[in-house]
Amino acid sequence: MGWSQDLFRALWRTLSKEVKEQVGTDPFGNKYYYIPEYKNWRGQTIREKRIVEAANKREVDYEVGDIPTEWEAWIRRTRKTPPTMEEILKNEKYREEIKIKSKDFYEKEKLLSKESNEELLAPPVQTQIKGHASAPYFGKEEPSVAPTSTGKTFQPGSWMPQDGKSHNQ
């Protein structure tokens, strides 16, 4: 199927006056082509095309970042001229420098925040909380086994199961 498809494409290009001109390659081995505007055999004007022929032929193997940003901009027509290899390498070097600088910045910031936290913050206070806030005895002593009563309140005693004894014996 591959050789017949290539043969059909070549035949179509010759009949349709489509001239594919290679304008560059990238460090990944992708090839970039430009097809200028032309008139087909019916007299219709076909606008220019910008094509990338991936080094990795399988579409499923394509991932973001396989095409450099500069070439992506050219393919999408956000820039008029194709990028040069020097421009791509210069921009790649610049991106690496920015990554290193940002890593250094975050490390310094982390050290400064540790130092300032140690100086500014008081040591945490040790608190001991008993019970749950919704319990009627929160903040008071634990309920006793025996019921207690004051003039206006009655607190029933807590129930504890007997150790190892079953009521069904």
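1. Contact here means heavy atoms within 4.5 Å.

2. Please keep in mind that this is a predicted model, where local features need pLDDT of at least 70, side-chain atom pairs count only at pLDDT 80 or more, and totals for chains, interfaces and linings use all residues. Residues are numbered from 1 along each chain as its sequence is written, and side-chain values use heavy atoms, with hydrogens and water left out.

3. Now for the layout. The protein chain holds three helices and seven strands, and from the N terminus on they follow the order α-β-β-β-β-β-α-α-β-β. These elements are DSSP runs numbered from the N terminus: helices are H or I with at least four residues, strands are E with at least two.

4. Among the 169 residues, 11% count as buried.

5. Do have a look at Asn30, in the loop between β1 (21-25) and β2 (31-35). With a relative accessible area of 6%, Asn30 is buried (under 20%; exposed is over 50%, partly exposed in between, with a 1.4 Å probe and protein chains only). Leaving aside residues up to four places away in sequence, Asn30 touches several residues, including Gly24, Val52, Glu53 and Asp66.

6. Arg77 also deserves a glance: its phi is positive, about 65°, although Arg77 is not a glycine. Arg77 sits in the loop between α2 (69-75) and α3 (85-120) and is partly exposed, at a relative accessible area of 35%.
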